[in-house]
Amino acid sequence: MIYAPLDRFIVLDLTRVRSGPAAVRQFADWGADVIKIEEPAQAKDDKPGGAAKFSDYQNTHRNKRSLTLNLKQPDGLAVFMELVKRADVLVENYRPSVKTKLGIDYASLAKINPRLVYASISGFGQDGPYADRPGLDQIAQGLGGLMSVTGDADRQPMRAGIPVADLSAGLFAAIGILTALLERERSGQGRWVQTSLLQAQVWMMDFQATRWLIDREVPAQSGNDHPTSSPTGVYPTADGYINIAAMGSSMFARLCDVLEMPALKEDARFGSAGLRVEHRAELNREIVARTLTRGSADWIERLNNAGVPCGPILSMDAVFDNEQVRHLGMTRPVSHPERGSIDIMAPAVIFDGVQPPPVSPAPETGGHTDEILGWLGLDEAARQRLRATGGV
């Protein structure tokens with residue numbers, strides 16, 4: 001059974017790069033009619049070589065229709081306003097001042113469509129001293145504290161290997177939009193939903209932030225070791241590395257049994273969770289001496305059988321070859337007119353007994369312009385006039 005719970009919603013997508021598309025993708029994957037609006041002569045720096053050749057663009061912008069509009073040109077702006085009248089949601093990640101100059105800010109559009117849920121994703125917020133600074137993921141990682149706790153101790157600050165601020169800001173925006181749509185069912189009114197890379201990154205610091213806010217402890221880099229639990233980290237084996245997470249005294253005791261190191265359970269240095277963190281280096285040396293004697297697969301089997309959390313450290317090719325990842329269906333096939341059959345990421349949510357709608361490839365810029373203009377009621381002559389004036 002095909003499950004498209006959002007197919008009654010029209011979403012206008014004015015976003016680019018990653019945070020905004022990460023939000024809009026949540027709607028496109030579950031059936032919403034997403035119209036991606038792009039400038040007619042847009043520099044394609046977010047899809048080098050064209051959409052057909054850029055894998056990231058295919059993954060980010062699947063299931064959308066594309067319309068080119070020049071919002072600086074009166075005819076193009078007029079078409080946009082017609083779209084706004086029909087839309088349920090608009091998502092944008094312009095700098096705060098830009099949308100006001102264009103006349104497409106929330107206050108202006110709410111007058112045209114009071115039911116519109118308007119979502120803004122910025123680098124640092126819609127106002128305040130940093131509001132009009134350009135915002136990028138790595139800048140937010142640094143400003144939001146992530147780089148100060150990532151990497152080995154006594155080394156330079158380190159960025160995370162994925163765009164944490166971008167992706168989490170997109171997810172928070174999607175949650176905000178869905179919340180506003182639920183409120184609209186009761187109030188009949190839209191809402192301006194706002195989030196930023198900085199807000200998302202600070203929120204994502206979670207227990208590390210709490211260590212400062214409540215305990216006044218400044219977290220430091222701890223490499224692959226968990227900041228507040230031991231033994232929890234990466235351990236070398238005879239043929240590679242594995243993760244082991246033996247949190248709590250009972251879990252630690254089971255680890256010692258698997259390692260065949262009963263003396264560790266009686267060692268006063270490791271007699272409590274706090275002491276195991278305090279004496280982390282000594283404990284890790286003891287464990288490493290033992291884990292090096294067997295291969296990764298052997299240790300993983302033994303530890304899992306004993307109920308000790310553990311696992312391999314996989315490269316991306318091995319991730320998608322993993323039996324559990326395959327079981328969860330984390331990829332979906334797409335038939336692309338130029339690249340043929342390709343795989344993209346599937347939604348990370350399962351609704352029991354149903355499947356998300358079929359996937360369409362990311363559109364070429366303006367690939368649906370005539371289709372969408374016709375849907376708005378513009379005949380061929382009107383479309384030609386728009387092209388002649390530079391509106392599309």
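Reader: Which domains does the domain assignment of the protein chain give?

Author: This is a predicted model. The assignment gives domain 1, made of 10–204 + 328–389, and domain 2, covering 232–313.

Reader: How many Å apart do the C-alpha centres of domain 1 and domain 2 lie?

Author: The two centres are 44 Å apart. For the protein chain as a whole, the C-alpha trace spans about 85 × 50 × 40 Å along its principal axes.

Reader: What does the secondary structure of the protein chain come to?

Author: There are 19 helices and 11 strands. Of the 392 residues, 44% count as buried. The accessible surface is about 19900 Å², and carbon and sulfur atoms account for 54% of that surface.

Reader: How should I read a sheet, and what is the strand order in the sheet of six strands?

Author: Strands of a sheet pair through backbone hydrogen bonds, either parallel or antiparallel. Here the six strands form an open sheet in the order 3-2-1-4-5-6, and the pairing is parallel. Strand 3 (64–68) and strand 6 (191–196) are at the edges with a single partner strand each, so one side of each has no neighbour in the sheet. From one strand to the next, the twist averages 20 degrees.

Reader: How many bridges pair strand 1 with strand 2?

Author: Four bridges link strand 1 (residues 10–14) and strand 2 (residues 33–38) in the parallel sense.

Reader: What do strand 7 and strand 8 form?

Author: They form a hairpin, with four residues between the two strands. Five bridges join strand 7 to strand 8 (residues 241–245). Gly-233 stands opposite Ile-244 in this pairing. On to strand 9: three bridges join strand 8 to strand 9, again antiparallel, and Ile-242 stands opposite Pro-312.

Reader: Which residues of strand 8 are on its covered face, and which on its uncovered one?

Author: In a regular strand the side chains alternate between the two faces of the sheet. In strand 8, Ile-242 and Ile-244 make up the covered face, while Tyr-241, Asn-243 and Ala-245 lie on the uncovered one.

Reader: Now a helix. Which residues of helix 19 are buried?

Author: A residue is called buried when its relative accessible area is under 20%. In helix 19 (residues 380–389), Ala-382, Arg-383 and Leu-386 are buried. These residues are on the same side of helix 19 because they cover an arc of only 100 degrees around the axis. The face turned away from the buried side carries Arg-385 and Ala-388, which are exposed.

Reader: What covers the buried residues of helix 19?

Author: The cover includes helix 3 (74–86) and helix 18 (369–375).

Reader: What share of contacts in the protein chain between residues at least 6 apart in sequence join residues at least 24 apart?

Author: The share is 70%.

Methods
Residues numbered from 1 in each chain as written. Predicted model: local features only at pLDDT ≥ 70, side-chain atom pairs only at ≥ 80, totals over all residues. Heavy atoms only, no water. Domains from an automatic or database assignment. Pairing = 2+ DSSP bridges. Buried < 20%, exposed > 50% of the residue type's maximum accessible area, 1.4 Å probe, protein only. Contact = heavy atoms within 4.5 Å. Areas by Shrake-Rupley, 256 points an atom, 1.4 Å probe, with all protein chains shown as cover. Arc of directions from axis to C-beta. Axes fitted to C-alpha atoms, helices over the stretch in contact; angles between N-to-C directions.
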